[in-house]
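Please walk through this structure with the text below as a guide.

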Amino acid sequence: MHVFAIAFALEVSVGKTNTVTALNNSNVLLPCIFSTCIGFQDLVFTWYFNSTELIYHGKIKNKATEPIRIWSNPRVEFVGSTTKKENNISIVLNSVEFSDAGKYTCHVKNPREKNAQHNATISLTVVHKMVKTDNTVTLIIVGVVGGLIGLLILFMLIKRVVLFIIKKTQDGK
């Protein structure tokens, strides 16, 4: 049972969504946070592009120290922090190109947890122009459904009042 607890003590997450869209030639944040039940010591983290290409490698001595860069691609900038509340090991990819589209994996290894390892992957799509989403149809549908529900409630309320009045007039006779 103890081994089962250790296996799930280290968690890695890229946030609520695992896809990011970036405009060509812009900078894009690739988020990653980790959590551990028993703390960490000499934690190692790496970022990979398409599972094989190493783009960032770092190490964190303990909770009181900031991460140390061991190696990184020149276009990758570390923007996380581990001395604050959240164990943030996010990076920014500068001057995104179409060839940067793909999967980015944040991998964490914690020696304090018997070298427990975990990772999370985020997909990057690079576009030449951001497309504005038209929500007009959605708003119309929500408005119609809301209006119908409102009318149904009004009808039920009127029915209740009419039945109440009929009952009172019959009781009075």
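Two strands are said to pair if DSSP finds at least two bridges between them. Strands (E, at least two residues) and helices (H or I, at least four residues) are DSSP runs, numbered from the N terminus. With these terms, an open sheet of three strands has the order β3-β10-β8, and its pairing is antiparallel. β3 and β8 (76-78) are the edge strands, each pairing on one side only. From one strand to the next the twist averages 30°; axes here are lines fitted to C-alpha atoms, for helices over the stretch in contact, and angles run from 0 to 180 degrees between N-to-C directions. Between β8 and β10, which run antiparallel, there are three bridges. In this pair E77 stands opposite V92 in β10.

The model is predicted: local features need pLDDT of at least 70, side-chain atom pairs count only at pLDDT 80 or more, and totals for chains, interfaces and linings use all residues. Residues are numbered from 1 along each chain as its sequence is written, and side-chain values use heavy atoms, with hydrogens and water left out.

Another open sheet has six strands in the order β2-β12-β11-β5-β6-β7, with mixed pairing. β2 and β7 (68-72) stand at its edges with a single partner strand each, so one side of each has no neighbour in the sheet. The twist in this sheet averages 20° from one strand to the next. Y56 has S72 in β7 as its bridge partner.

Strand β4 covers residues 33-36. It pairs with β1 in the antiparallel sense over four bridges, and E11 stands opposite S35 in β4. Two further bridges join β4 to strand β9 (residues 87-88), and these two strands also run antiparallel. The bridge partner of I33 in β9 is N88.

In a regular strand the side chains alternate between the two faces of the sheet. Buried means under 20% relative accessible area, exposed means over 50%, and partly exposed lies in between (1.4 Å probe, protein chains only). T36 counts as buried because its relative accessibility is 18%. Its side chain reaches the backbone oxygen of G39 at 3.2 Å. Apart from neighbours within four places in sequence, T36 is in contact (heavy atoms within 4.5 Å) with A9, L10, N110 and E113.

Which residues of the largest nonpolar core touch the most other members? They are F34, W47, I89, Y104, V108 and L124, out of 30 residues in this core. A nonpolar core is a set of buried Ala, Val, Leu, Ile, Met, Phe, Trp, Tyr and Cys residues joined through side-chain atoms within 4.5 Å. The elements giving two or more residues to this core include β1 (10-13), β2 (19-23), β3 (28-30), β5 (43-49), β11 (102-110) and β12 (116-127). The most comes from β12, with five residues. In soluble globular proteins, nonpolar side chains tend to be buried together. Leaving aside neighbours within four places in sequence, the contacts of I89 are C32, F34, F45, W47, I60, F78, G80, T82, C106 and V108.

Two loop residues have a backbone angle worth checking. D42 is in the loop between β4 and β5 and has a positive phi of about 55° although it is not a glycine. D42 is partly exposed, because its relative accessible area is 24%. S95, in the loop between β10 and β11, is not a glycine either and has a positive phi of about 50°. S95 is partly exposed, with a relative accessible area of 34%.

Finally, the record. UniProt lists residues 10-123 for "domain: Ig-like" in an unreviewed entry; UniProt positions follow the numbering used here, feature names are shortened, and annotations may be inferred rather than shown by experiment. That span is 0% helix and 54% strand, and its end C-alpha atoms lie 22 Å apart. For "transmembrane region", the unreviewed UniProt entry lists residues 137-158. Residues 137-158 are 100% helix and 0% strand, with the end C-alpha atoms 31 Å apart.

Notes. Polar contact = N/O pair within 3.5 Å; in protein donor to acceptor, adjacent residues only side chain to side chain.
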